[in-house]
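Welcome! Please have a look at the model shown here, and then read through the notes, topic by topic.

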Amino acid sequence: MDPFDSNSTERANLPRNMIENSMFEEEPDVVDLAKDSAAFPTFPALDPDEVAYEPRSSRLLVRGLGENDMDEDEEDCESSARLLGMSFMNRSSAHRSNSSPYTRQAPPRSCSRPSARTMVVCVLFLVIVASMTMVLYFLPGCTFTKTGCRKENKTTPIEPPFPWSQFRLPHSIRPLSYDLTLNPDLDNMNFTGSTVIKMVVLHNTKRIVLHSANLNISKATFKLDDGEASDVTVLEYKPRQQIALNFSEELKAGQYCVLTLDYSANLSHTYDGFYNSSYTDKDGNKRVLAATQFEPLSARKAFPCFDEPAFKATFLIKINRKPDYMTLSNMPKAKTTPLNNGLVQDEFEMTSVNMSTYLVAFIVGNFTPVSKNVSEILVSVYSVPEKKEHTDYALDAASKLLDFYNDFFEINFPLKKLDLIAIPDFLAGAMENWGLITFRETSLLVGKQSSPLEKQVVASVIAHELAHQWFGNLVTMSWWNDLWLNEGFATYMQYMSLQTVLPQLDIGNLFLAVRFRALDKDALNSSHAVSTAVNSPEQVEEMFDSVSYEKGASILLMLNASLSGDQQFRKGIIQYLKQFSGLNTDTNDLWNSLTQIEVSTQHQNVSEMMSSWTSQKGFPLVTVSRKGDQVTLTQEHFLLTSDNATHTSSLWNIPVTYVSDNCSLAPECRQLFTLKTKSGTFKVPESVKWLKLNYRNTGFYIVHYGDDGWAALRDALANDVSVLTHEDRASLIHNIFALSRLGRVSFRHVLNLLNYISNETETSPVTEALLQLNKIYQLLDKRQEYSLVARMKTYILHHFGSLMDKQTWEEQESVSKQELRSALLETACGLDDENCTQQAKALFKQYVDSNATSRIPGDLQQVVFNVAAQSAEDWPTLLNLYGHATYDAEKRKMLRGLASTQDARKIVWILKAGLKGNLIQTQELPLVISTVCKGFAGYLFAWDFIQENWDRLIEKFPVGSFAIQTIINSATSQFSTQAHLDQVQGFFSSLKERGSQMRSVQEALETIRLNKRWMEKNLRTLQKWL
Ligand SMILES: [Zn+2]
């Protein structure tokens, strides 16, 4: 375990033990800003030297002017200051605050309106500041050198310093309850609020520190025990979004206190905090609404709070509204009271459970519900009124899943109601707010004619969010370093529950594909351990990635598959949920619960096994070698690096499974061998012709069989594809491509294995092979290797052609067959296969001629729209259809079609339209960019667009967020030349704190280097073999 982890685990455990044993860290008495800022280097604002050694009085003045982010109006002041020779600190803070980062609340802004008068005032003020600085500088014995000035200057007023210097809040105070009253004004897009926080003092302290961001606090009162409430001064440190109260006398452990804060703020225009959103209704009227998205760090933008997951409390929420709006929150509405200003106040019941701040939610707007009672819980699905008819499927799926989880976890959903609401403008797929789950419309609404594939998407998201009501809401990770406890679990449960509840959705293929992608990403050196240190807002955002979600889910599947008996895992989970219900946990708590329950004959120590998977990044490559009856397995870190120089000594505790030609299909065939050391051996009968490891790919590792092993498997498949399960066939295909990328097998071996593919008819092996081949095709295309591109195309059409031709263009019920068909036809039409494009064009024409009333099967819509978008006359038709479409899943496919155009002008137009956000919602911009990047015509435009508009992009999508990760990955993952590598490196390093330190940037650079290496190594083979 890395040092910070152990530290944070200790700290992270505290809240639930707080009262019982008072195990608290020592709070530093003297705030050492220099030391602190060095520990958190990603914060640009604090320069240790400047902070630590400045005389306190001048520090406030200088900081108050220089450090924050200035808007354009303020730049005049800045340049005046430059003329005066003042050194300003970096002005582009990652947290865009609009006045001093370190102030009392609501100070007058010194330079906000650039009138002539303010200019004069500004200059005068700066002259005074400069003079004072110089006076201080020349005071005897007091300099700004590193020896510092420790004497207080008695002639200048002393401002209290901000009393806390860390990213995490102190643990001396714990909030017990919040009483929130909010007045959102949807006409002016702002709100006022009042927050009453009851707290208990856990150990003596002279300060209270909590979070607040972009809130103008106008009044603050404080009351201790039964004393009188009195006004207090609130200090604010904007770079860390913290506010604080200082007390002259210590608050004593065991005392209770109440802090009341009145404030105002604008509704956010991004997708987090308390944000405004609008949509156009069916009559063409603009409708406004306000909704919340708090995870991970944005509750503080709606109300001052202790905004860390371990500070659980109860919430009583009141919202004032106009009578023609409605409101929703986590809890059922308790009462509605008319107010004397024409508004009414909705008061919600106090939360019946302790809840983390990131799970609080409230919404104001016009929505219509459909409802149903499920085991005494009122389940409702809300949408904007004209989409009400699209909510039935979600209500049905949610009801079934709620029943399933109530039963599976043996703990009933603890609230009286569960709302699922589709928000017209929403960035994430969905958010699991307790009792009020918010969704993108495409993740919740299903049209009457939707295909099963669309239902699969909706059901998956609902299953995921419902699982969170237990994993995440009831039992919550103590800190974001263990985000996987929320996300890995919800992801695993989403697949697991759907296999039982809605087996007709064939979710297994999707889960398998997801595990392959998680392996691909985790093979990079820029990956991270499942449980990893998190010390800055950007790092918190970055945890929302495939490691927390998909790798998390994959290792849970591996664990479940390796435990004896199918109930062991479930029993362990129930024990974990019951033991920690309402509390916070870390990864070890989970493994301990599972270890306690495991009573198998093997005495597998879950904790010992699983910590090797959560505490180190990456996964193992298992190499098989065989001599007669003896099989030797060796493990090493499967690490894709460009230089081959990085070796790690990581070892995993791997539950290796295998089958052989003696018995290879049924679950009973599966043998288990635990490989804990560098290598291990076991015996098989000498007559065994071949071994396939990682049965059905339930393990998170890649296998290399050596030349003989691969040849034996290849021959077996060539004879009869059905000797292995389809998951095992897909797993072989995935693994051999990965080994080629690692440089362990030549591409010739890959093509040899793929020789069997003409006989393949199952979805997962075909889609995996197509995906891998397409990736190479795209790289060759972008490198303008024209002759190879042509040969690759012939190769793909030759190997998959007969299967492509077999596909029908009519309705198809099986989800698995739909997945297969859409993958095949999108490839075929993408390669301009005449058969395919003709059919697609005909379907589009029929669709348009019928005024969009005839139906294109859901799984074929994408291929049809893609083909239509390539024609100069059909693209505007498609755009027109897009503008009028109401059903969002279809609309999204039209948008992807539009973005797949190869016309440069249209590409530029669509990128700009996505950023502007009128015709194309900004939430769709990552999708637009990733689609444009796939095409030859657009990928360089997209790259330019990102560079030119970077600041606007990170205004909309936070640095490190999943949206930004997607944008960076899609724009750069197809580069494979030194020139592009230099460009990408140059651009991102120029960003500095505006994104250069992101993990996805490291990943991008690494991917380009790997592409380059693979191309250099394999171009010749390709020329020879294709
Ligand atoms: Zn989730």
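This is a predicted model: local features need pLDDT of at least 70, side-chain atom pairs count only at pLDDT 80 or more; totals for chains, interfaces and linings use all residues.

Residues are numbered from 1 along each chain as its sequence is written, and side-chain values use heavy atoms, with hydrogens and water left out.

- Helix α9 (residues 452-468) carries both His464 and His468, which are 4 residues apart, or about one turn of the helix.
- Both His464 and His468 are buried, where buried means under 20% relative accessible area, exposed means over 50%, and partly exposed is in between (1.4 Å probe, protein chains only).

**The sheet of five strands**

- An open sheet of 5 strands runs in the order β17-β18-β19-β21-β20, and its pairing is mixed. Two strands pair if DSSP finds at least two bridges between them.
- At the edges are β17 and β20 (430-431), each of which pairs on one side only.
- Strands β17 (residues 368-374) and β18 (residues 377-383) run antiparallel and are joined by 7 bridges. Across this pairing, Pro369 stands opposite Tyr382 in β18.
- β17 and β18 form a hairpin with 2 residues between them, and Ser375 in the turn has a positive phi of about 40°.
- Strand β19 (residues 417-423) pairs with strand β21 (residues 436-440) in the parallel sense, over 5 bridges. Here Ile423 is found opposite Arg440 in β21.

**The sheet of four strands**

- Another open sheet has 4 strands in the order β28-β25-β24-β30, with mixed pairing.
- Its edge strands are β28 (679-683) and β30 (702-704), and each pairs on one side only.
- From one strand to the next, the twist averages 25°; the axes are lines fitted to C-alpha atoms (for helices, over the stretch in contact), and angles run from 0 to 180 degrees between N-to-C directions.
- Strand β25 (residues 630-637) is antiparallel to β28 and joined to it by 5 bridges. Gln630 stands opposite Lys683 in β28, while Thr632 has Thr681 as its bridge partner.
- Which residues make up the covered face of β28? They are Gly680 and Phe682, while Ser679, Thr681 and Lys683 make up the uncovered face.
- In a regular strand the side chains alternate between the two faces of the sheet.

**The cavities**

- How many cavities of 30 Å³ or more does the structure hold? There are 4.
- A cavity is a set of points, on a 1 Å grid over the protein atoms alone, where a 1.4 Å probe fits but cannot get out; lining residues have an atom within 4 Å of a point. Grid points are joined across faces, edges and corners, and a volume is the space filled by probe spheres set on the points.
- The largest cavity holds about 120 Å³ of space. It is lined by 13 residues, of which Lys521, His528, Asp545, Arg999 and Glu1003 are the closest to its centre.
- α33 gives the most to this lining of the largest cavity, with 3 residues.
- The second largest cavity holds about 50 Å³. Among the residues lining it are Met558, Ala561, Arg670 and Tyr701.
- α13 gives the most to the lining of the second largest cavity, with 3 residues.

**A loop residue**

- Asn525 sits in the loop between α11 (507-522) and α12 (537-542).
- Asn525 is partly exposed, with a relative accessible area of 28%.
- The C-alpha atoms of Asn525 and Thr1007 are 9.9 Å apart, although 482 residues separate the two along the chain.

Methods: On a 1 Å grid over the protein atoms alone, a cavity is a set of points where a 1.4 Å probe fits but cannot get out, and a pocket is an open set with protein on both sides within 12 Å along at least five of seven lines; lining residues have an atom within 4 Å of a point.
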